[in-house]
Amino acid sequence: LPVIFVNEERYCISKPSYEPPLAAIRSVFGNRNFRYFAISDLMYWLALTFIQMGIAYYVTILLQLEAQYGSLVLMGMLGSSFVFYVPTNILARKWGKKRLMVFAFAAFTVIYLLMFFLGKYPLPPIMQIVTLGVLASIPIAIFSILPNAVVADIIESDAAVSGGHKAAIFFAVRSFMMKMGMSVANLLFPSLLLLGNSVQNPTGVRATAAAASVFCLLGWLLFSRYNEKEVLAAQA
């Protein structure tokens, strides 16, 4: 639909790049701030895919609820995240994108760690998963909006410093990291389940939540090294 209805000539200033593709990719990874972003983004997609694949196991094995609750929680989590879209935009302008992204990584680190203990809290099972779903909708809103804005900032900064325009390559590399995170998660997740994926032995299921928490922790540490002031100053 965007290809059909968005008038590129109206909304974009087209500046072709004549740099060879491989050279452009090398220069993109040579950008320190983009490198920190890209690897932290990889960690985010690893963690998110783990949770998306694991939600059915958390619901049926850790909480011993019917499988349908997993889909309802995911839909509710994504739907409720829309409530936080406007506050995310307002706070990003006020506090900066980096601060909100670091907060989102930290929040997911804690939320995924709390998922590790599902079934052990003195609360009804449905309340446990709904509470975590509502909490997760806040960082989901942040990650739905800000990563592309961060990439756009890096692109403008890189163009101002290098004089070259490689927007397509930057976004292509970001998409590649996203797909790689999802692919690696699809390989790792079943391996962890081999540790135990039953009500009697849920070790593997809990391990997936712990792994997602570790991935977000790594993303948090990496993105903390992103120098937003340097990027924005280069655009001035």
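**Exercise 1. In which helix is Ser-40 found?** Describe its surroundings in this predicted model.

Solution. 
Step 1. Locate the residue: Ser-40 belongs to helix α4.
Step 2. Classify its accessibility. The value for Ser-40 is 1% relative accessibility, so the residue counts as buried, given that the cut-off for buried is under 20%.
Step 3. The side chain of Ser-40 reaches the backbone oxygen of Tyr-36 at 3.1 Å.
Step 4. List the contacts beyond four places in sequence. Ser-40 touches Phe-105, Gly-219, Leu-222 and Phe-223.

**Exercise 2. Describe the fold and overall dimensions of the chain.**

Solution. 
Step 1. Take the secondary structure: the chain has 11 helices and 0 strands. Its pattern along the sequence is α-α-α-α-α-α-α-α-α-α-α.
Step 2. Take the extent. The C-alpha trace spans about 60 × 35 × 35 Å along its principal axes.
Step 3. Take burial and surface. Of the 236 residues in the chain, 41% are buried.
Step 4. Take the range of contacts. Among contacts between residues at least 6 apart in sequence, 79% join residues at least 24 apart.
Step 5. Take the charges. The chain has 17 positive and 10 negative charges, and their mean positions lie 9 Å apart.

**Exercise 3. Which residues have the most contacts inside the largest nonpolar core, and which helix gives the most to this core?**

Solution. 
Step 1. Identify the core: the largest nonpolar core has 59 residues, and those with the most contacts inside it are Phe-34, Tyr-58, Tyr-112 and Met-115.
Step 2. Assign the helices. At least two core residues come from each of α4 (32-62), α5 (68-81), α7 (97-116), α8 (125-162), α9 (167-193) and α10 (203-223).
Step 3. Find the main contributor. With 17 residues, α4 gives the most to this core.
Step 4. Beyond four places in sequence, Tyr-58 is in contact with Phe-50, Ile-51, Leu-63, Met-115, Leu-118, Val-205, Thr-208 and Ala-209.

**Exercise 4. Why does Tyr-57 count as partly exposed, and what does it touch?**

Solution. 
Step 1. Apply the cut-offs. Tyr-57 counts as partly exposed because its relative accessibility is 27%, and that class runs between the limits of 20% and 50%.
Step 2. List its contacts. Not counting residues up to four places away, Tyr-57 touches Leu-62, Phe-189, Leu-193 and Val-205.
Step 3. Tyr-57 and Ala-209 are 152 residues apart along the chain, with 10 Å between their C-alpha atoms.

**Exercise 5. Where is the place of Phe-117, and how is its accessibility classed?**

Solution. 
Step 1. Phe-117 sits in the loop between α7 and α8.
Step 2. Its relative accessibility is 36%, so Phe-117 counts as partly exposed.
Step 3. Phe-117 and Tyr-58 are 59 residues apart in sequence, and their C-alpha atoms are 9.9 Å apart.

**Exercise 6. Is Ser-157 buried or exposed, and which residues is it in contact with?**

Solution. 
Step 1. Ser-157 lies in helix α8.
Step 2. At 10% relative accessibility, the residue Ser-157 is therefore classed as buried.
Step 3. Leaving aside neighbours within four places in sequence, Ser-157 is in contact with Val-231, Ala-234 and Gln-235.

How values were computed
Residues numbered from 1 in each chain as written. Predicted model: local features only at pLDDT ≥ 70, side-chain atom pairs only at ≥ 80, totals over all residues. Heavy atoms only, no water. Core = buried A, V, L, I, M, F, W, Y, C linked by side-chain atoms within 4.5 Å. Buried < 20%, exposed > 50% of the residue type's maximum accessible area, 1.4 Å probe, protein only. Helix = DSSP H or I, 4+ residues; strand = E, 2+ residues; numbered from the N terminus. Contact = heavy atoms within 4.5 Å. Polar contact = N/O pair within 3.5 Å; in protein donor to acceptor, adjacent residues only side chain to side chain. Lys, Arg positive; Asp, Glu negative; His and termini not counted. Charge placed at Lys NZ, Arg CZ, Asp CG, Glu CD.
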